[in-house]
Amino acid sequence: MRHFNTFILISPWLLILLTFWAFPIVYSFGLSFTDYSIFGRISFTGLSNYVKLFSDPSFLQALKNTLFFVVGTIPFTTTIALILAVLIAEKIPGHKIFQAGYFIPSITSMVVIALIFSSLYAKGGYLHLLGKMAGLPVPENGYLFSTKTALPAIMVMDIWVAIGYYVLLFLAGIKSIPLEINEAAKLDGAGFWRKLSSVTLPQLTPITLFVLVINTIRSFQIFIEIYVMTKGGPLGSTSTVVYFVFDEGLQKFNMGYASAAAYLLFVIILVFSLLQMKLISRKGGAL
Amino acid sequence: MSKGIGRITLTVIMSLVLVGMLFPLIYMFVVSLKTSNIFGDITAMLSASFSLKNYIQIFSRGVITRFVFNSVLVAIVVTMGNIIFCSMTGYALARKKFFGNRFLFISATAVLMIPQHVVIIPVYILISKLGMHNTYWALILPWLVNPLGVFLMRQYISNLPDDCEQSARIDGAGEFTILFKIVMPMCKPALAVLAVQVFLTNWNSFLYPFILTSSPKLYTLPVGLSMMQGLQQMDIGQLMAGSTIAALPVIIVFLFFQRQITEGITAGALRG
């Protein structure tokens with residue numbers, strides 16, 4: 001009887017866990033070895049989807065763009081967020097307002113953010129006009145219509161939108177530094193820079209690595225801003241792996257093929273996270 | 001002396017950053033109140049004419065009313081579902097010894113690491129096969145319990161004393177009475193964190209509502225907005241009015257529940 005009650009208590013989670021989390025992972029693994037599409041019959045095709053991916057120029061471009069996005073945003077997001085968090089922790093006047101204000105973009109709907117920036121980046125939009133006034137070689141039709149500037153423009157937006165979230169995490173990390181360590185540093189006469197380099201930064205190593213892991217997982221899956229702002233264009237210059245999966249699987253209905261691309265990304269993300277987590281446990285354990 | 005100047009410089013720099021962080025949202029709001037063309041003129045935002053015409057227009061078309069209704073309905077149902085189901089699971093995991101307890105708890109943590117966007121194809125097929133594509137079920141059912149919530153509730157309940165539960169049990173109270181009448185009232189702080197977190201995530205959610213629905217009757221606000229963008233007769237002022245309607249509830253919730261939001265986010269982080 002007791003076990004029956006327990007079973008009832010956990011059954012909603014169990015059911016949803018198995019149906020919507022566990023099953024899709026297994027199912028898409030299976031699908032990736034087939035030519036499944038909603039039309040016609042399904043047949044086993046072995047590794048051919050994976051082989052095809054590596055000679056598919058649009059997949060390779062999506063993969064390249066995704067890697068460029070990850071490598072080109074994360075160092076900036078992390079560094080800027082860390083600097084802002086350290087400064088806010090100094091309790092300068094208005095630090096609470098800064099913390100709240102910086103955070104607001106990161107909880108705003110990504111669709112809304114993407115719509116706002118689409119119009120700022122458009123021909124005659126504010127950032128387009130500003131770029132012109134600053135004498136920069138801005139593309140005539142706005143940033144999102146040039147193969148050279150579209151992806152970097154989306155990356156700048158992403159850095160801007162994500163910073164506040166990581167500021168919050170770094171601040172939580174700074175607050176969790178034991179008071180005694182700071183007191184000891186003060187007694188030893190350590191100034192701001194000395195304290196930063198000898199106390200704050202080393203103590204923040206675990207949270208920094210955590211920030212890197214979650215930001216990596218998130219950035220590899222970039223999709224919403226691509227869909228809303230460029231639909232992968234111009235000429236595939238902003239297509240990402242998740243956009244490719246969406247396009248192949250849910251617009252062209254090559255679901256087996258799309259699943260293979262998704263699984264490849266899954267493995268890439270897994271490898272990256274495990275590597276980073278290995279690094280975390282070596283650098284002195286979780287917070 | 002120099003320290004004072006340093007702090008003033010710092011405050012000025014941080015204020016400039018703040019302006020930069022908030023400018024796009026201010027832009028959204030100002031443009032939503034403009035009916036004139038704002039492109040090509042950097043001073044257009046400063047002109048004094050404001051009107052609610054854009055808001056009236058998008059609502060009188062009726063379409064956005066439906067998006068707002070769907071978003072509110074789905075967010076409320078999903079939030080309530082999480083409050084109930086995460087509590088149930090968290091309670092069982094914290095208090096009951098049963099085979100697989102540890103495994104289920106670890107699963108909640110492990111699932112958090114799954115990159116959600118890579119399983120869009122199987123989830124799409126699954127939902128279609130279940131006959132739930134383009135129904136409210138697709139927007140609600142998969143999100144009724146979430147791993148972070150299970151984790152949060154399990155940790156919180158583990159740290160509560162269990163004497164009240166024990167004496168209620170001796171008095172013959174059933175498990176659900178104990179959970180709803182004794183445990184959950186003690187969990188209010190954790191439930192507030194959970195509710196705010198789930199509400200915001202769900203309100204902003206785009207990818208799954210987008211792939212799992214295909215008729216405007218079922219679109220949530222973010223999905224509807226992304227579709228409105230493509231319409232010819234939709235101008236930037238109306239689009240920004242719709243965006244403001246999507247962004248405002250989030251900002252209001254944030255201003256009121258800043259502490260809960262911070263806790264929800266750092267609970268996930270400090271877990272390590």
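**Domain and chain contacts in the predicted model**

In chain B, the centres of domain 1 and domain 2, taken over C-alpha atoms, are separated by 34 Å. Domain 1 spans residues 1–51 and domain 2 spans residues 62–270 of chain B, the bounds coming from an automatic or database domain assignment. The model is predicted: local features require pLDDT of at least 70 and side-chain atom pairs count only at pLDDT 80 or more, while totals for chains, interfaces and linings use all residues. Residues are numbered from 1 along each chain as its sequence is written, and chains are lettered from A and ligands numbered from 1 in the order in which they are written.

Between the domains of chain B, eight residues of domain 1 contact seven residues of domain 2, a contact being defined by C-beta atoms, placed from the backbone, within 7 Å. The domain 1 side of chain B comprises five nonpolar, two polar and one charged residues (nonpolar: Ala, Val, Leu, Ile, Met, Phe, Trp, Tyr, Cys and Pro; charged: Asp, Glu, Lys and Arg; polar: the others, Gly among them).

Between chains, 67 residues of chain B contact 73 residues of chain A. Helix α1 (residues 2–32) of chain B supplies the largest share of the chain B side, 12 residues; helices are DSSP runs (H or I, at least four residues), numbered from the N terminus. The chain B side contains 51 nonpolar, 13 polar and three charged residues.

Within chain A, helices α3 (residues 57–89) and α12 (residues 241–251) pack at about 150 degrees with axes 8 Å apart; axes are lines fitted to C-alpha atoms over the stretch in contact, and angles run from 0 to 180 degrees between N-to-C directions. Contributing residues include A:Phe59 and A:Leu63 of α3(A) and A:Tyr243 of α12(A).

Conventions. Contact = placed C-beta atoms within 7 Å. Helix = DSSP H or I, 4+ residues; strand = E, 2+ residues; numbered from the N terminus.
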